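Try each task before you read its solution.

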Amino acid sequence: MKTALSEQAWFNTPTMHPFWMGIISFLVALFGLFFLGWRLESVIWLLWFEVIFAVGASLIRAFFSLQGEGFFSKLLFRIFITGAGAALGIAFIMLTVTFTINGIDTSSRSASADMEGFFPQMVVLFLNYLAGLILHFFVNGHYKTANPIHELMATFVYLLILLTLIMPITMHLLPKYPEWKDAKWIGLTVVLVKFIVDAGFSRAGKTTAQISNPG
């Protein structure tokens with residue numbers, strides 16, 4: 001199994017967001033929208049958790065990025081970088097909430113029906129990020145040569161692009177047309193935007209990672 005994987009280009013190419021992770025995330029959200037009756041609110045909740053998972057994965061990657069040296073070499077540096085990344089990650093999580101809070105229904109309407117099946121979907125996303133971290137960082141040996149700063153910045157650039165594209169919907173359109181919160185096409189639009197960013201970043205991330213880690 002390991003020999004077969006080692007021969008695959010998709011497995012060996014360093015990237016923090018492989019293409020299959022974006023596809024799984026896309027399918028999870030689509031399943032919620034079309035089979036569980038979700039509205040935009042559940043899509044936003046799922047996005048919040050996915051941002052948390054992405055930040056958490058980037059912190060683990062930063063801490064275990066060895067840059068071709070032993071684990072205890074530059075350990076204090078990695079601890080410092082990981083701590084700084086945690087502070088920046090919290091800021092990005094708060095920014096995500098601020099940019100998308102208009103998509104959350106604050107009326108008296110109960111959202112319990114809209115959250116049907118949310119926890120299993122969230123677990124699938126968590127396992128998605130865990131599998132990506134294990135396969136594309138540890139198992140393929142990328143951690144041995146990875147740069148901790150690059151691992152953090154790749155995630156934060158991804159989140160910045162994603163939030164910049166979603167913000168016009170959640171911060172500008174929804175306040176003008178609050179009834180759109182119940183429209184399935186709005187939730188689908190947010191899901192599609194995220195999928196496009198995932199696909200684009202997966203492709204661009206491969207090139208960036210190869211330039212940063214030529215070995």
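Helices (H or I, at least four residues) and strands (E, at least two) are DSSP runs, numbered from the N terminus. This is a predicted model, in which local features need pLDDT of at least 70 and side-chain atom pairs count only at pLDDT 80 or more, while totals for chains, interfaces and linings use all residues. Residues are numbered from 1 along each chain as its sequence is written, and side-chain values use heavy atoms, without hydrogens and water.

**Exercise 1.** Find which helices each supply at least two residues of the nonpolar patch.

*Solution.* Start with the members: Phe77, Leu88, Ile149, Met153, Val157, Ile161 and Leu165 form this surface patch. Finally, α7 gives the largest share, 5 residues.

**Exercise 2.** Classify Thr170 as buried or exposed, then list its contacts.

*Solution.* First, locate Thr170 in helix α7. Buried means under 20% relative accessible area, exposed over 50%, partly exposed in between (1.4 Å probe, protein chains only). Thr170 has 0%, so this residue is buried. Then look for contacts (heavy atoms within 4.5 Å). Beyond neighbours within four places in sequence, Thr170 touches Ile44, Phe99, Thr100, Asn102 and Pro175. For contrast, take Leu88 in helix α5: Leu88 is partly exposed because its relative accessibility is 35%.

**Exercise 3.** Decide where confidence is lowest and highest among the helices.

*Solution.* The chain mean is 86. Helix α2 (residues 9–12) is lowest, at a mean of 51, and α5 highest, at 96.

Conventions:
Patch = residues over 30% accessible without salt bridge, like charges linked within 9 Å, V, L, I, M, F, W, Y side chains within 5 Å. Areas by Shrake-Rupley, 256 points an atom, 1.4 Å probe, with all protein chains shown as cover. Salt bridge = Lys/Arg side-chain N within 4 Å of Asp/Glu carboxyl O. pLDDT = per-residue confidence, 0-100.
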